[in-house]
Amino acid sequence: MGKTISLFRLMAMVLAAMVLHNGAHAQGTVYKCVDDQGRVEFTDTSRKGCKALDLPGYAPPPAPRASAPIPAVRPMSPGPAAAVSPASFPRVDTAQQRARDDDRREILNDELRIEQKKLADLRRDFNNGEPERQGNERNYAKYQERVASMRAEIGRTERNIEALQREISNIR
């Protein structure tokens with residue numbers, strides 16, 4: 001009886017693992033096979049002595065269909081570029097929108113000036129790829145690591161400046 005209980009527990013654990021595991025799902029029917037010595041094996045191929053399992057939460061993939069003709073894609077009609085907003089949508093008058101755009105432009109220009117100053121400081125400290133060594137950089141690899149991080153920071157700052165300039169140019 002001890003062997004029966006352990007076999008039952010093993011089967012329960014294997015089934016629970018198969019049902020609860022999210023990483024890999026079976027792509028077909030799962031079979032439980034018992035050989036002549038009573039050993040249990042789970043597989044995806046049917047053989048003599050195998051029984052298909054009904055696993056809760058498992059939906060087998062749909063059967064492949066005969067190749068159907070692919071429907072033709074209609075080209076989009078050149079309609080209006082902007083969608084029409086509903087009548088209940090709140091409207092902003094032109095003067096108020098212009099004031100909002102001016103505020104946005106001012107904020108973006110302030111951010112642009114800050115980023116440009118930061119870039120100038122970074123380039124000064126970078127010293128064309130040869131920044132001064134600090135006291136804790138007796139190890140050359142540590143120095144090279146700092147130079148690489150400075151180079152990356154300069155690149156990020158340059159991309160920020162480009163993005164801000166694009167945003168400013170997109171304001172009406």
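Let me begin at the N-terminal end of helix α3, which asparagine 139 caps, with a side-chain oxygen 3.0 Å from the backbone nitrogen of alanine 141. Please bear in mind that what we are looking at is a predicted model.

Helix α3 itself runs over residues 140-170.

Which helix do the buried residues of α3 pack against? They pack against α2. Among these buried positions are Tyr143, Val147, Met150, Ile154, Ile161, Leu164 and Ile168. The list also includes Arg146 and Glu153.

I turn now to the other helix, α2, which covers residues 94-126 and contains glutamate 115. Is glutamate 115 buried or exposed? Glutamate 115 is buried, and yet has no salt bridge. The nearest side chain of opposite charge belongs to lysine 118, at 4.6 Å. A salt bridge requires the nitrogen and the carboxyl oxygen to be within 4 Å. Instead, the glutamate 115 side chain makes a polar contact of 3.5 Å with the side chain of asparagine 160. Leaving aside residues up to four places away in sequence, glutamate 115 touches Thr157, Asn160, Ile161 and Leu164.

Next, the charged pairs. Side chains of opposite charge can pair when their charged atoms come close. The model contains ten salt bridges, and I shall describe some of them.

One joins arginine 123 and glutamate 158, with an N to O distance of 2.4 Å. Because arginine 123 lies in helix α2 and glutamate 158 in helix α3, this pair ties together parts that are 35 residues apart in sequence. Both partners are partly exposed, arginine 123 with a relative accessible area of 45% and glutamate 158 with 27%.

A further salt bridge links arginine 124 to aspartate 125, the closest N and O atoms being 3.3 Å apart. Here arginine 124 counts as exposed, at 54% relative accessibility, whereas aspartate 125 is partly exposed at 41%. Through shared partners, salt bridges connect Lys117, Asp121, Arg124 and Asp125 into one network.

Finally, arginine 47 and glutamate 41 form a salt bridge, their closest N and O atoms lying 2.8 Å apart. Arginine 47 is partly exposed, at 40% relative accessibility, and glutamate 41 is likewise partly exposed, at 38%.

To close, I return to glutamate 115, a buried residue without a salt bridge, whose side chain has a polar contact with that of asparagine 160. Thank you.

How values were computed
Residues are numbered from 1 along each chain as its sequence is written. This is a predicted model: local features need pLDDT of at least 70, side-chain atom pairs count only at pLDDT 80 or more; totals for chains, interfaces and linings use all residues. Side-chain values use heavy atoms; hydrogens and water are left out. Helices (H or I, at least four residues) and strands (E, at least two) are DSSP runs, numbered from the N terminus. Buried means under 20% relative accessible area, exposed over 50%, partly exposed in between (1.4 Å probe, protein chains only). Lys and Arg count as positive and Asp and Glu as negative; His and the chain ends are not counted. A polar contact is a pair of N or O atoms within 3.5 Å; within protein, one must be able to donate a hydrogen and the other to accept it, and residues adjacent in sequence count only if both atoms are side-chain atoms. Contact means heavy atoms within 4.5 Å. The expected span of a helix is 1.5 Å times one less than its number of residues.
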